[in-house]
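Dear colleague,

I am passing on the structure we spoke about, and below it you will find what came out of a careful look through it. Please read the notes with the model open beside you.

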Amino acid sequence: MPIDILMPALSPTMEEGNLAKWTVKEGDKVGPGDVIAEIETDKATMEVEAVEEGTIGKIVVAEGTENVKVNAVIAILLEEGESAGDINAEKSSAKSEPSDDSSAPAKDDSKAASVPAEPIAVEPASDPDIPEGTKMVPTTVRVALRDAMAEEMRASDDVFVMGEEVAEYQGAYKITQGLLDEFGPRRVVDTPITEHGFAGVGVGAAMTGLRPIVEFMTFNFAMQAIDQIINSAAKTLYMSGGQMGAPMVFRGPNGAAARVGAQHSQCYAAWYSHVPGLKVIMPYTAADAKGLLKAAIRDPNPVIFLENEVLYGQTFDVPDMDDFVLPIGKARIHKKGKDCTIVSFGIGMTYAIKAMEALSEQGIDCELIDLRTIRPMDIPTILESVKKTGRLVTVEEGFPQSSVGDFIANKVQREAFDYLDAPIISICGKDVPMPYAANLEKLALPNVDEVIDAVKAVTYAG
Amino acid sequence: MAARARKSAPKKAVDHALLGSIPAPEPAKLSKDEELKAYRDMLLIRRFEEKAGQLYGMGQIGGFCHLYIGQEAVVTGIQMNMNDGDQMITAYRDHGHMLAMGMESRGVMAELTGRSDGYSRGKGGSMHMFSREKNFYGGHGIVGAQVSLGTGLAFANKYRDNGNVSVSFCGDGAANQGQVYESFNMAALWKLPTIYVIENNRYAMGTSTKRHAAQLDFSMRGVSFGIPGIQVDGMDVRAVKSASEYALNHCRNGDGPIILEMMTYRYRGHSMSDPAKYRTKDEVQKMRSEQDPIEQVKQRIIAEKLATEDDLKVIDKEIREIVVDAAEFAQNSPEPDVSELYTDILL
C-alpha cells in the first residue's frame with residue numbers, strides 16, 4: 001500500500017510551515033534517512049528524511065508552497081512492486097487529510113479535562129502511648145539524633161551515613177559521635193567537600209534500595225546539591241511511574257547559628273516545603289528529634305530533616321523506650337490555650353514559648369502548636385485550634401515572602417474564614433541577608449517582643 | 001617578568017602512558033552470532049529512532065526528543081559484555097540505551113507518546129524512563145546529574161559487595177559539569193566499580209568540542225584522579241566491545257572506575273527542533289558514508305559470508321515490523337487516567 005509522507009512538525013508548537021524545496025523528484029528511489037525535502041518556519045529550516053524505503057510516487061505539495069499544515073500529505077511513497085496506479089486506487093481522498101485515522105489521539109483543545117480532586121491526605125497516626133512508669137531521660141538534641149541513627153543502623157544494614165567529617169572527626173557538630181566505632185567505615189563514610197556530588201551518590205545508592213542518611217555540614221551548603229535533592233530525589237518516583245524512588249534522609253543544621261553572616265544563616269523550611277515528592281521535618285525537642293529521625297530513616301521517601309545548631313546542646317526529656325518512633329506529618333500541641341493560636345516549628349518555638357509565658361502572666365492564654373513536620377503539614381490540627389481561638393500568629397526564622405506562615409495563613413483564611421476574629425500575622429526573619437554585626441543580627445531575627453505584640457494585636461489587648 | 005617565567009616553563013607533549021590514558025585494545029573478533037546480533041540490535045535502535053522522529057513530526061510525540069541515530073554502536077557494544085546485575089544510567093538521549101538493555105520497544109514508544117502503557121505510565125516522557133527489572137536507572141534530563149547517580153549505583157554495588165558494575169553514560173558536553181569531577185574523585189577514592197562512558201559526538205548541542213573543551217581528549221579527563229581512560233572508535237562495535245570488556249574486568253577486579261571515551265557522531269540534530277546549522281552537510285554525509293556503524297557490520301557480514309543480503313533483508317523486515325507495531329501500540333494506548341496526576345508522588 002502506498003505510504004503517505006506527511007508535513008512534519010519541527011517543534012511541539014508548530015502548526016504550519018513552508019515547503020521550501022524538494023530534493024527528490026517523482027520516480028526517485030529513497031531509503032530511510034535520505035533527505036527528500038526542506039521545510040521552513042519563521043525559526044528554522046529543516047530537512048525531511050524518508051522513513052521507509054521506496055520510490056517517490058507522487059509529489060502532492062509543490063515546492064515553494066507556503067503555510068502547509070502539519071500532518072498534511074506532501075508526497076506519496078510507493079513500496080516495492082507498486083506503481084503510480086496504486087495511488088489513485090488507494091488514495092483518492094488523500095489530498096490533505098492525514099490518513100492515520102483512528103490511531104490519532106482525540107485532540108480536544110477546546111476544553112481542558114477537569115482537574116481531579118487532590119486526594120485527601122491520610123490522617124497521620126497519633127504519637128505512640130508512652131507506657132506509665134516509662135523513665136524520662138534528660139537528653140540533648142545532639143544525643144537524641146545520634147541515638148536515632150545508631151538504633152536504625154543496628155536495625156538495618158541498608159542504613160548508612162555519609163557526609164563531611166561524619167566519621168573520623170566524629171561529626172562537625174558531633175552528631176555522629178561514636179558511630180564510626182560501632183559501625184565501621186563501610187557504613188559511616190567521610191566524603192570529600194563535594195555536596196553536589198555526594199548528594200547525587202546518595203540518591204543513586206537510594207535508587208537501588210539502600211537507605212542513605214546524607215549529612216550536610218549545614219543546609220547552606222546543600223544549595224550546591226539542591227538539583228540532586230529536587231530533580232533526582234524528589235521527582236524520580238513520579239517520573240518512573242512508581243518504579244523507583246529515593247528512600248533517604250538529607251539532614252543537618254539549618255538556619256541561623258550565631259554571627260556567621262549571610263551565607264551561613266538561612267532557613268530552608270519554606271524552600272523544601274515547596275516541592276512535591278519531599279517530606280520536610282524540623283523538630284524542636286530532643287524527643288521529637290529522635291522519634292522523627294527514626295521515622296524519617298524508615299520512610300520510603302526522600303526526607304529533608306532540618307536541625308538547628310543552637311538547639312543541639314539543649315536538653316529535653318526523652319522517653320526511655322526500645323523503639324520510640326513518632327508519626328511524620330503530625331503536629332504536637334505544646335500547650336493548650338483558648339485566646340490565640342501560635343504555630344511555630346524548630347528554633348521558632350524558642351521565641352513562641354517565651355512569648356506565650358509572658359502573655360500568660362498578662363492574662364492571655366495561648367495555644368501553642370509545634371508543627372514538627374512542615375510537609376506534609378498537619379493543617380487539621382491548626383484549623384481545629386483556630387476555630388477555637390479565632391486568632392492566629394505564626395513564628396519562624398525564615399524570610400517573609402512565601403514563608404511557611406504565609407502558606408498557613410492562606411489555608412486558614414480559606415478553611416476557617418468565618419472563625420477568624422482578626423487578621424493572621426506571620427512573624428518571620430526580616431527581609432534582609434543576615435548581617436554579621438551583633439546588633440544588626442539580633443534585629444534581623446524574629447524576637448519575643450514581636451510575637452507578644454502580634455498576639456496582643458490580634459487579641460485586641462492593646 | 002611574568003612573560004619570561006611563562007616562556008621558560010617546560011613545553012612537553014602530554015605523555016598518555018604516564019597520565020593514565022591507555023591504548024585501545026584491538027577490536028574484538030566477533031563470532032557470526034555476535035555480528036548478527038550487533039546488526040540486529042543497532043538496526044532496531046536506528047529504525048526505532050527514525051520512527052520516533054516521524055511520530056514527532058506528526059505531533060504524536062511532544063516536548064524534547066533526542067535521537068541516537070549514528071551512535072548505535074556505543075551502547076550496543078557495551079551491552080554485549082554486561083552481566084545481568086550490572087546497571088546502566090544515562091542522560092536524555094536514552095532510547096537506544098533502553099532498547100539495548102532489553103526494554104520493550106512498545107513500552108518505550110508508548111512513553112514517548114505519553115500514554116498509559118509507557119514505562120513511566122506516560123508521566124516521564126522521552127527523557128525520564130526507567131526499568132527496575134532491566135536495571136536501567138534512567139533517563140535523566142539534567143546534564144551531568146546522571147554521572148553522580150551512576151556513581152551512587154556503584155557505591156551501592158560496593159556496599160553490597162555484589163560484584164556488579166554500573167555504567168554511567170554522558171556526552172562530551174556533560175563532561176564539563178562540575179559534579180562529574182566530584183564523582184570521579186569519590187569513585188577513584190573509594191575504588192567504586194563504575195565505567196564512565198563519555199559519548200563524544202563532537203557537539204554539546206550546537207557547540208563543538210573545540211569551542212567548549214580545554215582538553216579535547218576526554219579519555220584524559222580522569223587524569224587528576226588517577227582514573228585511566230581509553231579512547232575508542234565508537235563507530236565500530238567491535239572496538240567498543242573489546243574496550244568495554246577491558247573496562248568491565250578492570251571494575252570487577254576492584255581497580256576502581258575507568259573512562260571510555262567513545263568517538264562517535266550523531267546524524268540528527270541535538271533534539272528534534274535543532275536544525276543543526278553549526279556543521280556542514282558534508283561533515284554529516286562523510287560520517288554516514290564512511291563510518292556508519294550498521295553499514296560496517298553489514299559489510300563484514302557480507303564479505304565474510306556470515307549471511308546473505310537476503311538473510312539481512314529478513315532481519316530488516318522483522319525489525320521494521322517490531323517498530324511499526326511499537327508505533328501503532330504507542331498511538332493506540334490510552335492516555336493516563338486523570339487520577340494518575342496524583343499518584344507516585346510519595347510512597
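H7(B) passes H8(B) in a left-handed crossing, a crossing being left-handed if the near helix is turned anticlockwise from the far one by less than a right angle and right-handed if clockwise. Helices here (H or I, at least four residues) and strands (E, at least two) are DSSP runs, numbered from the N terminus. The two helices pack at an angle of about 20°, with their axes 8 Å apart, where axes are lines fitted to C-alpha atoms, for helices over the stretch in contact, and angles run from 0 to 180 degrees between N-to-C directions. H7(B) and H8(B) are therefore roughly parallel to each other; angles under 35 degrees count as roughly parallel, over 145 as roughly antiparallel, 65 to 115 as roughly perpendicular and the rest as oblique. On the side of H7(B) the contact is made by Ala145(B), Val147(B), Ser148(B), Thr151(B) and Ala154(B), and on the side of H8(B) by Gln179(B), Val180(B), Glu182(B), Ser183(B), Met186(B) and Ala187(B), two residues being in contact if their C-beta atoms, placed from the backbone, lie within 7 Å. Sorted by class, the residues of this contact are six nonpolar, four polar and one charged (Ala, Val, Leu, Ile, Met, Phe, Trp, Tyr, Cys and Pro count as nonpolar, Asp, Glu, Lys and Arg as charged, and the others, Gly among them, as polar).

Before going further, please keep in mind that this is a predicted model, in which local features need pLDDT of at least 70 and side-chain atom pairs count only at pLDDT 80 or more, whereas totals for chains, interfaces and linings use all residues. Residues are numbered from 1 along each chain as its sequence is written, while chains are lettered from A and ligands numbered from 1 in the order in which they are written.

By class, the contact of H3(B) with H13(B) has 10 nonpolar, no polar and five charged residues.

How many residues of chain B are in contact with chain A? There are 51 of them, and they meet 54 residues of chain A. H3, H7 (145–160), H8 (178–189) and H13 of chain B each supply at least two residues of the side that touches chain A, and H7(B) gives the most, with 10 residues. That side of chain B has 20 nonpolar, 22 polar and nine charged residues.

As for chain B as a whole, it has 13 helices and seven strands. With 347 residues, a compact globule would have a radius of gyration near 20 Å, and chain B, at 21 Å, agrees with this; the radius is taken over C-alpha atoms, and the globule rule is 2.2 Å times the number of residues to the power 0.38. Its C-alpha atoms fill a box of roughly 70 × 55 × 45 Å, taken along the principal axes. Buried residues make up 57% of the 347 residues in chain B, a residue being buried if 20 or more other C-beta atoms, placed from the backbone, lie within 10 Å of its own, exposed if 12 or fewer, and partly exposed in between. Of the contacts in chain B with a separation of 6 or more, 77% are accounted for by residues 24 or more positions apart.

Some single residues also deserve a look. Asp161(B) has a positive phi of about 50° although it is not a glycine; the residue is in the loop between H7 and strand E2 (166–171) of chain B, and, with 8 C-beta neighbours inside 10 Å, Asp161(B) counts as exposed. Met205(B), likewise not a glycine, has a positive phi of about 50°, but Met205(B) is partly exposed, with 15 other C-beta atoms within 10 Å.

In chain A, the peptide bond from Arg375(A) to Pro376(A) is cis, with omega near -5°. Val159(A), found in strand E10 (residues 159–163) of chain A, is buried, with 23 other C-beta atoms within 10 Å.

With best wishes
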